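Have the sequence and the 3D view ready, and try each task before you read on.

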Amino acid sequence: MNLLTKMFVTIVTMFITLPTLAQSLESEGRSDLNLRSGVTDISSQVYDLHMLMFMVCVGIAVVVFGVMFISMFLHRKSRGAKPANFHESVKVEIAWTVVPFIILILMAFPAAKTLIAMEDTSEADMTVLVTGSQWKWHYKYMDSDVEFYSTLATQQEQIRNKFAKSENYLLEVDRPLVIPTGQKVRFLITSDDVIHSWWVPDFAIKKDANPGFINEAWTNVNEPGVYRGQCAELCGKDHGFMPIVVIAKTPQEYEKWKAEKIAAIETAKAEEDRLLAMNMSMDDLMTSGQKVYLAKCAACHMPNGEGLPGVFPSIKGSNLVLNDRTGHIDILLNGRTGTAMQAFAKQLTLSEIAAVITYQRNAWGNNTGDIVQASEVHTYANGK
Amino acid sequence: MSTATDTLHHDEHDEHHHHHIPKGIKRWLFTTNHKDIGTLYLWFSFIMFLTGGAMAMIIRAELFQPGLQIVDPNFFNQMTTVHGLIMVFGAVMPAFTGLANWLIPMMIGAPDMALPRMNNWSFWILPFAFLILLSSLFMEGGGPAFGWTFYAPLSTTYSSDSTALFVFSVHIMGISSIMGAINVIVTIWNMRAPGMTWMKMPMFVWTWLITAFLLIAVMPVLAGVVTMVLTDKYFGTSFFNAAGGGDPVMFQHIFWFFGHPEVYIMILPAFGIISHIIPTFARKPLFGYASMVYATASIALLSFIVWAHHMFTTGMPVAAEMFFMFATMLISVPTGVKVFNWVATMWRGSMTFEVPMLFAIAFVVLFTIGGLSGLMLAITPVDFQYHDTYFVVAHFHYVLVTGAIFSIMAAAYYWLPKWTGVMYDNTLAKWHFWASLVSVNVLFFPMHFVGLAGMPRRIPDYALQFADFNKWISIGGFAFGLSQLIFLALLIKACRKKGEPASAQVWEGAEGLEWEIPSPAPYHTFETPPIIK
């Protein structure tokens, strides 16, 4: 039974060294072993609760396993141990029912206090509407016209192991959410299709995005910085590829960013009007159409347009694409209810929609020769 | 507890003149014998364990390093879904039913299960259920890819057409479980040997009785929720669709009202098994028999009021979150009582460490680790951070693999000599135990770390800071998978009766009716009930 003694020593040492190891790594700033204490008052309370619970559990484990291993060592037949015959003791049994109960009550108080604070979304300084959809996030600032989609920025080539992986592989987006520090920011969280979950570990926020219902959460970030998270609820094929990036800026810088954003929206509107009035060439439409396609459509319909049989329909050789021009414009603008096909009217500009329709009607052997201009999409959209 | 009997030995010669055992495939197809059906269940569950395990190997191979290498995300999701379904409904539950079939009649001194033909049917529909489920993987669009919890609307509007097959196969599994449960209850209620009062019943019988009531209570709820998924997807209802007045979160309430008791369905019989093995090898009666029974019953009752702890992030009112937090914490009290009782049973015993005991001790330690991480998960504010990360994956694999499955292996080693009449190959058994013990911890322990560091579950690809741990987890996974082939070799050897003949009692400290009949157990036992003194 020497082997057993060795195992005993190893396991006990493991349990004793584990918390100290975790803490020493924590003080070195390594967060790949433990929860992060985050950047808000709430997140550090949550971290403290976590460490308290962890220590209590390690304590219980050391006592229980300690007694058990001592018994396994001392009360062995090979050491000549003779079995005792006791099999109950009311006193002991009451003790080990009551003592854990008291420990639980002591743990319940701080937990309840933090929970109540976390769920108090009242008196917020500003509100952001967060909407999940397959597989991107949409942010809308409720006090202005600023709204945008935020999608994965990591290239497919990195995911497919063709390019080296960047530092923030799978945790980078094209347009991060920007919020001010030192202000109570309330999030209204919902979904356009399936259930997603908006999770930023450094804020200790994880809240499900339920279609048709609105959940609330809030944060008040102490330090400017870039904070990364991911969707936490299985939401279909690309669940692993819809990260969240939040940049916290000082209030002055935040205001500056917001002013720029509003100005950019004005410019984009003017540009849209200009494009509406002009006819683009086939080549231009195909080039920009391909770009839009790969960014917005390829996740489901695949880069080769063939979709996933039985899950996402093929665009290549599709009857709708080949024979129904207005139907094609309609499905892009309005989506199709009861399926995973989203409405792109608000996600893309008219010229982007025109380009991607032209691309789909002429790529992969769909040689219709059709050119769809932004004005045609505009007419259809307003004619309804 | 049951003790000596004196009217046993006539069974053996009875067998010679009025029963013959049919031969070949017909024996297994038409059998109504509890031992045959138990054997069928156990082999079926082992085959499913290897099948679900193969899927886990695919998952771990894809997660070996960052990037997509082996499978595409849609297939990855099918693997996590079907792995979960197979392990829960195909491996763990049928294994416990198989043990119930073999052991309950022998432990209570009954000649067979009360409803033998139903027993046959409840087994033989199972292979078809899993055939349907597995064949859906080959359909256009693939099998179920929405997780074993099949949250709507991912499983309704957004699922592939194989969903109907998924629903049908879950219905069949449910029917099988309900029939099995009815059989267990009727058998225990009516067929105990004279003198075996409730509080003399062996712990395995007690835990299974309570489990059977849980099954009857919640399997219809599962049937209801899959049917609602079916009608939402194909018949235009809107149970879970807000646009039609429904609520996707209601799905989760109904599912977890089934799902949480289901968790205890998979662990209560394990508690029973461990309560047999530890006293045998400590050569000392189980400490606190009565409190074990009451603790089991309390866990079962509490299991009905904690379901929403799986749903803390869905946006419940704060009062509901507090209720479910406190109720969940409460479960650790009776569970703790059980662990303390096992330790107290070992205390001042005279212990030896045969393989069943090694598995039982590993169970107590590793299940307790799973239980403690469960206590951490109960704390709502922190659960917001843990929820849907690998910390949860680590937690439920500690309670289900090193909990339920280790207990099933302990049971297999403990009763195998009784079933086959020969001692298992001890060298292989020790290899199996130590290889499993080491690899299972390399596999699941680092999952706690990656989960705390922020890795979500059910993703086919991950950020770079998780790469080192995931490599180790995958290596542990492959090693654990391969270790089970040792078990397969050992079982084949034992079933071909290669090994030392086993005595009736098999283990020096074993007590109970099943140890008073010869090894291997005759085809028919206790045709005349023994008298319990």
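## Exercise 1: A strand and its partners

In β7(A), the bridge partner of S197(A) is D208(A). Before we use this, two notes on the model. It is a predicted model, in which local features need pLDDT of at least 70 and side-chain atom pairs count only at pLDDT 80 or more, while totals for chains, interfaces and linings use all residues. Residues are numbered from 1 along each chain as its sequence is written, and chains are lettered from A and ligands numbered from 1 in the order in which they are written.

**Task.** Find out which strands pair with β6(A), and in which sense.

**Solution.** 
Step 1. Recall the idea: strands of a sheet pair through backbone hydrogen bonds, either parallel or antiparallel. Strands here are DSSP runs of E with at least two residues, helices are runs of H or I with at least four residues, and both are numbered from the N terminus. Two strands pair if DSSP finds at least two bridges between them.
Step 2. Look at β7(A): five bridges join β6(A) to this strand, and the two run antiparallel. They form a hairpin with four residues between them, and A204(A) in the turn has a positive phi of about 55°.
Step 3. Look at β9(A): β6(A) pairs with this strand over two bridges, in the antiparallel sense. Here W199(A) stands opposite Q230(A).

**Task.** Are the faces of β6(A) covered or uncovered?

**Solution.** 
Step 1. A residue is buried if 20 or more other C-beta atoms lie within 10 Å of its own, exposed if 12 or fewer, and partly exposed in between, with C-beta atoms placed from the backbone.
Step 2. Go through strand β6 (residues 196–200) of chain A: five of its five residues are buried.
Step 3. Sort them by side. In a regular strand the side chains alternate between the two faces of the sheet. H196(A), W198(A) and V200(A) are on one side, S197(A) and W199(A) are on the other, and both faces are covered.

## Exercise 2: Two helices in chain B

**Task.** How do α8(B) and α10(B) lie relative to each other?

**Solution.** 
Step 1. Two packed helices are described by the angle between their axes and the distance between the axes.
Step 2. Read both values: the axes of α8 (residues 203–234) and α10 (residues 268–282) of chain B come within 7 Å and cross at roughly 175°.
Step 3. Name the arrangement: α8(B) is roughly antiparallel to α10(B). Angles under 35 degrees count as roughly parallel, over 145 as roughly antiparallel, 65 to 115 as roughly perpendicular and the rest as oblique.
Step 4. Sort the contact by class: nine nonpolar, five polar and no charged residues. Ala, Val, Leu, Ile, Met, Phe, Trp, Tyr, Cys and Pro count as nonpolar, Asp, Glu, Lys and Arg as charged, and the others, Gly among them, as polar.

## Exercise 3: Where the chains meet

**Task.** Which element of chain A gives the most to the side that touches chain B?

**Solution.** 
Step 1. Start with the totals: 82 residues of chain A are in contact with 85 residues of chain B.
Step 2. List the elements of chain A that give two or more residues: α2 (41–74), α3 (90–118) and β7 (205–209).
Step 3. Pick the answer: α2(A) gives the most, with 14 residues.
Step 4. By class, this side of chain A has 46 nonpolar, 20 polar and 16 charged residues.

Technical notes
Two residues are in contact if their C-beta atoms, placed from the backbone, lie within 7 Å. Axes are lines fitted to C-alpha atoms, for helices over the stretch in contact, and angles run from 0 to 180 degrees between N-to-C directions.
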